[in-house]
Amino acid sequence: MSNFEQFQFDFYQSNYTIEDQEEGCNSYGSDKNLCESRKSQTEKHPAAGAFVPSDMFPSSQSYTGQILQPAYSPDTPSQLGYVDGFDEEPPLLEELGINFEHIWQKTLTVLNPMKPADGSIMNETDLTGPMVFCLALGATLLMAGKVHFGYVYGMSAMGCLAMHALLNLMSASGVSHGCVASVLGYCLLPMVILSSSAVVFSLQGIPGTVFALFIIGWCSLSASKIFTSALAMEGQQLLIAYPCALLYGLFALLTVF
């Protein structure tokens, strides 16, 4: 073991330096070009662990940005179009499908049964106006001392399903549930006028009955006109007006009694 340790010590210990290599090149003088190339390699690649001044490294581009605010470089590509993205987004009401101009046109069409309806607008699935009118009907009934919110929404849902099935049987193109709910909800506006009148005076009499029948005819005429215009069902307005009158008659019964 002592011979092996002595061999290990002799193998790792060495007094060879760069100056010895230079002296060897000068003494032998065999190949000056080879010596010069070795000198240049030692100058370019210093030995590991040797101290190299920072001036010898090529200067990199310094970071000029702040914390969480990186510096802008014109060479970097844009972040996939996220710059000024909020300015190009559509308004929130447009994303939600709320168009006040169309709501106003539908309301005027319901208030004036003799006005021709625009089929392109009436065929939209707009439930903003119907929800408002249903809440207004329930609120006016509540002011008259009648808590009928559940009846209003339940009858509205059942009436929409029944009218949807009937219109799909009568029309060739078919109709969606949203369109039926939108038209029936907008045509509920005259019924809100009847329930508002019930707050002021009683409708249980001949004048109240006549007024209720007038409101029922108004609602059914407006709804049948819109359905025939949106679904291209010319000549079938009276057939559509009859089930609409039955539906709005139920709301009139809630209001009068």
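Where is the place of glutamine 204? Glutamine 204 sits in the loop between α11 and α12; helices here are DSSP runs of H or I with at least four residues, and strands are E runs of at least two, numbered from the N terminus.

## Ground rules

This is a predicted model, so to read what follows: local features need pLDDT of at least 70, side-chain atom pairs count only at pLDDT 80 or more, and totals for chains, interfaces and linings use all residues. Residues are numbered from 1 along each chain as its sequence is written, and side-chain values use heavy atoms, with hydrogens and water left out.

## Around glutamine 204

Glutamine 204 is exposed, at a relative accessible area of 56%. On this scale, buried means under 20% relative accessible area, exposed means over 50%, and partly exposed is in between, using a 1.4 Å probe and protein chains only. Setting aside residues up to four places away in sequence, glutamine 204 touches Val256 and Phe257, where contact means heavy atoms within 4.5 Å. Glutamine 204 and threonine 255 are 51 residues apart in sequence, yet 9.9 Å apart in space, C-alpha to C-alpha.

## The helices on either side

Helix α11 covers residues 189-200, twelve residues in all. At 1.5 Å a residue it should span 16 Å, and its end C-alpha atoms are 18 Å apart, which agrees; the expected span is 1.5 Å times one less than the number of residues. In α11, Leu189, Pro190, Met191, Val192, Leu194, Ser195, Ser197 and Ala198 are buried. The cover over those buried residues includes α6 (100-111), α8, α10, α12 and α13.

After α12 comes alanine 232, with a positive phi near 55°.

## Aromatic pairs

A pair of aromatic rings is described by the distance of the centres and the angle of the planes. Rings of Phe, Tyr and Trp (its six-membered ring) pair if their centres lie within 6.5 Å; planes under 30 degrees apart count as stacked, over 60 as edge-to-face and the rest as tilted. By this rule there are three aromatic pairs. One of them joins phenylalanine 133 and tyrosine 186, with ring centres 5.9 Å apart and planes at 80°, so the pair is edge-to-face. Phenylalanine 133 belongs to helix α8 and tyrosine 186 to helix α10, so the pair ties together parts that are 53 residues apart in sequence. Phenylalanine 133 and tyrosine 186 are both buried.

Phenylalanine 214 and tryptophan 218 also pair up: their ring centres are 5.9 Å apart and the planes are at 50°, so this pair is tilted. Being four residues apart in helix α12 (residues 206-230), they are separated by about one helical turn. An α-helix has 3.6 residues a turn, so residues three or four places apart point the same way. Phenylalanine 214 counts as exposed at 52% relative accessibility, whereas tryptophan 218 counts as buried at 18%.

## The largest pocket

How much space lies in the largest pocket? About 240 Å³, where a volume is the space filled by probe spheres set on grid points joined across faces, edges and corners. On a 1 Å grid over the protein atoms alone, a cavity is a set of points where a 1.4 Å probe fits but cannot get out; a pocket is an open set with protein on both sides within 12 Å along at least five of seven lines, and lining residues have an atom within 4 Å of a point.

The largest pocket is lined by 15 residues, and the closest to its centre are Cys134, Ser156, Cys160, Ala181 and Gly185. At least two lining residues come from each of α8 (128-143), α9 (149-170), α10 (177-186) and α13 (237-256), with α9 giving the largest share, four residues. By type, the lining has 13 nonpolar, two polar and no charged residues; Ala, Val, Leu, Ile, Met, Phe, Trp, Tyr, Cys and Pro count as nonpolar, Asp, Glu, Lys and Arg as charged, and the others, Gly among them, as polar.

## A few more residues

Serine 182 is in helix α10 and is buried, with a relative accessible area of 1%. Beyond residues up to four places away in sequence, serine 182 touches Lys106, Glu124, Asp126, Leu127 and Pro130.

Histidine 148, in the loop between α8 and α9, counts as buried at 17% relative accessibility.
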